[in-house]
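This short report covers confidence, the nonpolar core and the salt bridges. Please view the model alongside the text.

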Amino acid sequence: LKVDDTALEVISQILDYALFVRTYYEKFLKDVLKNRLGLDHYPRTDPIMCYVASNRFHPRFDETAQFYWANSVRCGFRFAKLTLGHTKYF
């Protein structure tokens with residue numbers, strides 16, 4: 001979640017966060033739920049949602065964001081731009 005930051009860099013920052021979390025999510029599930037808690041199975045890994053929320057965005061946000069959002073099942077994460085009363089998915 002990135003909140004109330006009008007810099008264009010929020011796009012690359014949230015992508016960096018998503019990649020980090022996605023990289024260690026599977027390991028977390030295996031280590032914590034299976035090895036430490038003794039569970040034989042763990043929940044499926046639905047895509048992680050990443051939100052950029054603000055009342056104002058950089059004027060070139062949408063134009064630039066389209067080159068960063070890789071909403072593929074293989075990536076394991078999705079992005080959403082949230083503004084007052086409006087959500088735009090990429």
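The mean pLDDT of the protein chain (the predictor's confidence in each residue, from 0 to 100) is 77, and 78% of its residues reach 70 or more. This is a predicted model: local features need pLDDT of at least 70, side-chain atom pairs count only at pLDDT 80 or more, and totals for chains, interfaces and linings use all residues. Residues are numbered from 1 along each chain as its sequence is written, and side-chain values use heavy atoms, with hydrogens and water left out.

Helices (H or I, at least four residues) and strands (E, at least two) are DSSP runs, numbered from the N terminus. Strand β4 (residues 86-89) has the lowest mean pLDDT among the elements, 66. Helix α2 has the highest, 86.

A nonpolar core is a set of buried Ala, Val, Leu, Ile, Met, Phe, Trp, Tyr and Cys residues joined through side-chain atoms within 4.5 Å. The largest one holds 13 residues, of which C50, V52, F61, F77 and F79 touch the most other members. At least two residues each come from α1 (10-36), β2 (48-53), α2 (61-65) and β3 (77-83). The largest share, 5 residues, is from α1.

A salt bridge needs a side-chain nitrogen of Lys or Arg within 4 Å of a carboxyl oxygen of Asp or Glu. The count is 2.

| Pair | N to O distance |
|---|---|
| R60 and E63 | 2.7 Å |
| D62 and K81 | 2.9 Å |

D62 lies in helix α2 and K81 in strand β3, so this pair ties together parts 19 residues apart in sequence. Buried means under 20% relative accessible area, exposed over 50%, partly exposed in between (1.4 Å probe, protein chains only). K81 is buried at 12%, whereas D62 is partly exposed at 29%. R60 is partly exposed at 45%, and E63 is partly exposed at 42%.
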